Amino acid sequence: MKKILSFIIFTISSSLFALPFNKNLPEKDLKKLEEGEVVIRSIDKYNNMSIESDNSGVIKLREKVRKLGPNYLAEVIQIKPYKGNEDLPEKLYKALSNIPDYKGIPYWSERHQTYFDLYDEAEIIQRIGEGTSVEKILAKLNMEPFGEIYAPIVIEKNSDYILYVSTNNNGMKFKGVTCVKKGNMQSDIILFRDGDNWVLYGVGGVNAIKVWFLQDRIETSFIGRIKSFCNFFFTKF
């Protein structure tokens, strides 16, 4: 009986830790992932990222976040079985590249305790390479209370991964104060296969000024929006 119990424990542990994450992800969150739940974490900085893989897309994603050097950072993770979800890459690509559908993504406001639109306007200014392995989009988004965001978006898709990277091409103001400079906000989503699973990993961060009387508002606002954006796509299918 003890041998059977030990085998079961070993099998469960091996299954959990076979996932492409490092020690930064607590075991309780690994268990949530195994049960199909979405794990959402505020992690503050690059060194706290939990994704760890030799997948070239993951390596590229980690390097982009490292170069950003964010002081506000969050990650969103979900594991889906490959079987029955073979067409997930096509579905995700279609959703991520359909910029007008960003309008109306629900965002939960901690301050007001109600839902708002994450973006109340979303349109494509320019599109290059639609349907190819590297698609580049310039989107104009409106996100209150920060106003218009001109967002260069790059979507890479190949047999190893789909990688979505969005940044800001203009500074962003909050209550008249420029809190995020050009290129200092980033949202990344990657999908890749890991054995019998699809791994969906989103990470978003900002390198924002820290003004004591706005810091809590800015952190809550940005992190909440990052979580809402990634969670919307992860739970869509």
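Student: How many cavities of 30 Å³ or more are there?
Tutor: In this predicted model, the count comes to one cavity of 30 Å³ or more.

Student: What is its volume?
Tutor: The largest cavity has a volume of about 180 Å³.

Student: Which residues lie nearest its centre?
Tutor: They are Y119, M143, M185, S187 and F229, out of 18 residues that line the largest cavity. The elements giving two or more residues to this lining are β6 (134-143), β7 (147-157), β8 (162-167), β10 (177-194) and α5 (215-234).

Student: And which element gives the most?
Tutor: That is α5, with four residues in the lining of the largest cavity.

Student: What does the lining look like by class?
Tutor: The lining of the largest cavity has 14 nonpolar residues, three polar and one charged.

Student: New topic: how many disulfides are there?
Tutor: The count is zero disulfides.

Student: What about C179, buried or exposed?
Tutor: C179 is buried, with a relative accessible area of 2%. C230 is also buried, and its relative accessible area is 2%.

Student: Now Y115. Where is it found?
Tutor: Y115 belongs to strand β4, which covers residues 114-117.

Student: Why does Y115 count as exposed?
Tutor: Y115 counts as exposed because its relative accessibility is 55%, and exposed means over 50%.

Student: What is Y115 in contact with, leaving aside neighbours within four places in sequence?
Tutor: Y115 is then in contact with P106, Y107 and W108. As for I105, ten residues from Y115 along the chain, the C-alpha atoms of the two are separated by 9.7 Å.

Conventions. Residues numbered from 1 in each chain as written. Predicted model: local features only at pLDDT ≥ 70, side-chain atom pairs only at ≥ 80, totals over all residues. Heavy atoms only, no water. Disulfide = S-S within 2.5 Å. Buried < 20%, exposed > 50% of the residue type's maximum accessible area, 1.4 Å probe, protein only. Contact = heavy atoms within 4.5 Å. 1 Å grid on protein atoms, 1.4 Å probe; cavity = no way out; pocket = protein on both sides within 12 Å on 5 of 7 lines; lining within 4 Å. Points joined across faces, edges and corners; volume = space filled by probe spheres on them. Nonpolar A, V, L, I, M, F, W, Y, C, P; charged D, E, K, R; others polar.
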